[in-house]
Amino acid sequence: MSAIDISATVRERAARELRDRILTGALPAGARIDLDAITEEFATSRTPVREALLELSFEGLVRVAPRSGVTVIGISPDDVADSFTILGVLTGQAAAWAAERIGSDELEALRDLAADVAARSGDASIGEANWHFHQKIHRAAHSPRLLTQIKQAARVVPTNFLTLFPEHERHSLDEHRELLDALAAKDADRARAIAERHVLAAGRSLADWLQQRRGA
């Protein structure tokens, strides 16, 4: 692995971790981010951390100012609801196209991924396995343009979502089975409805969570 690859990996990890903290309210609006502390936490140089913070500033989550440092802008419950609605439309379309275009090998791979998610029930690693499952559906739509749009929109979903909201775990596993059945039946309308409902329910949970934290 080259130095450039290592730097990119650290930047991505730092951006993902800081984004999760902001999306879940662990870093609330108005909080200051200490560049030196973050650099020490990720055991790296300042460059990838600066790049991670610039990435978050482009997403509207932080404000980077030359003299005042980095301040969290945060995200409101309404913005979360709007973002998940957009993501729901995109993932719904991906599921519909996947139902029409998925190959038998892809469907079998999806079944294996769904089984892997179920096997990780109650474990912190379930979030990553869950994302791999959904990403495989997005790819089965065979639309690079849609995949790019989903990748951008999905940043609003904390990577630890199922750990943060364990009540969604059982429901998610049930919907995975429903979605697999719809894909196998080539039922585009049903696949779209299940995928969109799946995302909207997650968005409501996160928006409510943030609203409660603000009230507290």
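Guide: Two strands pair if DSSP finds at least two bridges between them; strands (E, at least two residues) and helices (H or I, at least four) are DSSP runs numbered from the N terminus. This is a predicted model, in which local features need pLDDT of at least 70 and side-chain atom pairs count only at pLDDT 80 or more, while totals for chains, interfaces and linings use all residues. Residues are numbered from 1 along each chain as its sequence is written, and side-chain values use heavy atoms, with hydrogens and water left out.

Strand E2 (residues 62-65) and strand E3 (residues 69-72) run antiparallel and are joined by four bridges. A hairpin of three residues leads from E2 to E3. Within this pairing, valine 64 has valine 70, in E3, as its bridge partner.

Valine 70 is also among the residues that isoleucine 33 touches (contact: heavy atoms within 4.5 Å). Leaving aside residues up to four places away in sequence, isoleucine 33 touches Val62, Val70 and Val72, together with Leu27, Ile38 and Leu53. Ile33 is in turn one of the residues with the most contacts inside the largest nonpolar core, alongside Ile137 and Leu183. That core has 62 residues; a nonpolar core is a set of buried Ala, Val, Leu, Ile, Met, Phe, Trp, Tyr and Cys residues joined through side-chain atoms within 4.5 Å, and buried means under 20% relative accessible area with a 1.4 Å probe, protein chains only. In soluble globular proteins, nonpolar side chains tend to be buried together.

Key:
Buried means under 20% relative accessible area, exposed over 50%, partly exposed in between (1.4 Å probe, protein chains only).
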